[in-house]
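Please look at the sequence and the structure below, and keep both in view while reading the report that follows.

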Amino acid sequence: MMHMWTYKDLEFTSDLDVQKQISVGLFDAKGVRPTHLKEYENEVNGGMPFNHMETRLVGIHSMRFSPLNCQIALIPGELHSFFCLARFEGRSFLTYHIIADSQEQSNKLNKCIEDNQTLHQLMKAMSLIDQEFHQEMQKVAIFVGIKMD
């Protein structure tokens, strides 16, 4: 999730091998749970910390984004959503994520994305999918300052 901000000015090449430490945390999670938090010798390789910030490695090697760190587990049968906060070299990034749990949810999300041009339009359309999406969009609307009525 953090590679494009951490390495925004690097050229992606086959011999690129880099690692940097960032401060990161996952907040207001729904339908996800922590995983791999203490399974590695070095805690910076662990899964995503929930509801607080911790240091994690962000690396690229062998043309791959590092898979060991910042992992989460999806809870089957639920809509998955969360905010991710990252701090690195004096910059902070906050992102919001929604992950569909079924092909039906994915199809509805894709239709909303195809049919809407602005964030406001997209959020209004997504809030009509069902009650879960409506609650998520209300939460995000408050955060980004969009009036949903």
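Helices (DSSP runs of H or I, at least four residues) and strands (DSSP runs of E, at least two residues) are numbered from the N terminus. The model is a predicted one, in which local features need pLDDT of at least 70 and side-chain atom pairs count only at pLDDT 80 or more, while totals for chains, interfaces and linings use all residues. Residues are numbered from 1 along each chain as its sequence is written, and side-chain values use heavy atoms, with hydrogens and water left out.

**Overall layout**

The protein contains 4 helices and 7 strands, and from the N terminus on these elements follow the order α-β-β-β-β-β-β-β-α-α-α. Of the 149 residues, 37% are buried, where buried means under 20% relative accessible area, exposed means over 50%, and partly exposed lies in between (1.4 Å probe, protein chains only). The accessible surface of the protein comes to about 8900 Å², and 52% of this surface belongs to carbon and sulfur atoms; such areas come from the Shrake-Rupley method with a 1.4 Å probe, and for residues only the protein chains shown count as cover. A contact means heavy atoms within 4.5 Å, and among contacts between residues at least 6 apart in sequence, 60% join residues at least 24 apart.

**Salt bridges**

A salt bridge is a side-chain nitrogen of Lys or Arg within 4 Å of a carboxyl oxygen of Asp or Glu, and a search of the whole structure finds 7 of them.

| Asp28 | Lys139 | 3.0 Å |

The salt bridge of Asp28 with Lys139 links distant parts of the chain, since Asp28 is in strand S1 (residues 18-30) and Lys139 is in helix H4, 111 residues apart. Asp28 is partly exposed, with a relative accessible area of 38%, and Lys139 is partly exposed as well, at 22%. The backbone of Asp28 also deserves a look, as its phi is near 50 degrees, a positive value in a residue other than glycine. Glu89 likewise is not a glycine and has a positive phi, of about 45 degrees; Glu89 is found in the loop between strand S6 (80-88) and S7, and is exposed, with a relative accessible area of 61%.

The other two pairs in the table each lie within one helix. Glu104 and Lys108 are both in helix H2 (residues 103-115), 4 residues apart, which is about one turn of the helix. Glu136 and Lys139 are 3 residues apart in helix H4, and are therefore separated by about one helical turn. An α-helix has 3.6 residues a turn, so residues three or four places apart point the same way. Glu104 is exposed, with a relative accessible area of 52%, and Lys108 is partly exposed at 32%, whereas Glu136 is buried, at 4%. Asp28, Lys30, Glu132, Glu136 and Lys139 are linked in a network of salt bridges.

**Helices H3 and H4**

Two packed helices are described by the angle between their axes and the distance between the axes. The axes of helix H3 (residues 119-127) and H4 come within 8 Å and cross at roughly 150 degrees; axes are lines fitted to C-alpha atoms, for helices over the stretch in contact, and angles run from 0 to 180 degrees between N-to-C directions. Angles under 35 degrees count as roughly parallel, over 145 as roughly antiparallel, 65 to 115 as roughly perpendicular and the rest as oblique, and H3 and H4 are therefore roughly antiparallel to each other.

Which residues of the two helices meet? Met123, Met126 and Ser127 in H3 are in contact with Phe133, His134, Met137, Val140, Ala141 and Val144 in H4. In H3, the residues Met123, Ala125, Met126 and Ser127 are buried, and what covers the buried residues of this helix includes strand S7 (91-99), H2 and H4.

**A buried loop residue**

Met48 lies in the loop between strand S2 (32-34) and strand S3 (54-61), and is buried, with a relative accessible area of 0%. Met48 and Arg33 are 15 residues apart in sequence, and their C-alpha atoms are 9.3 Å apart in space.
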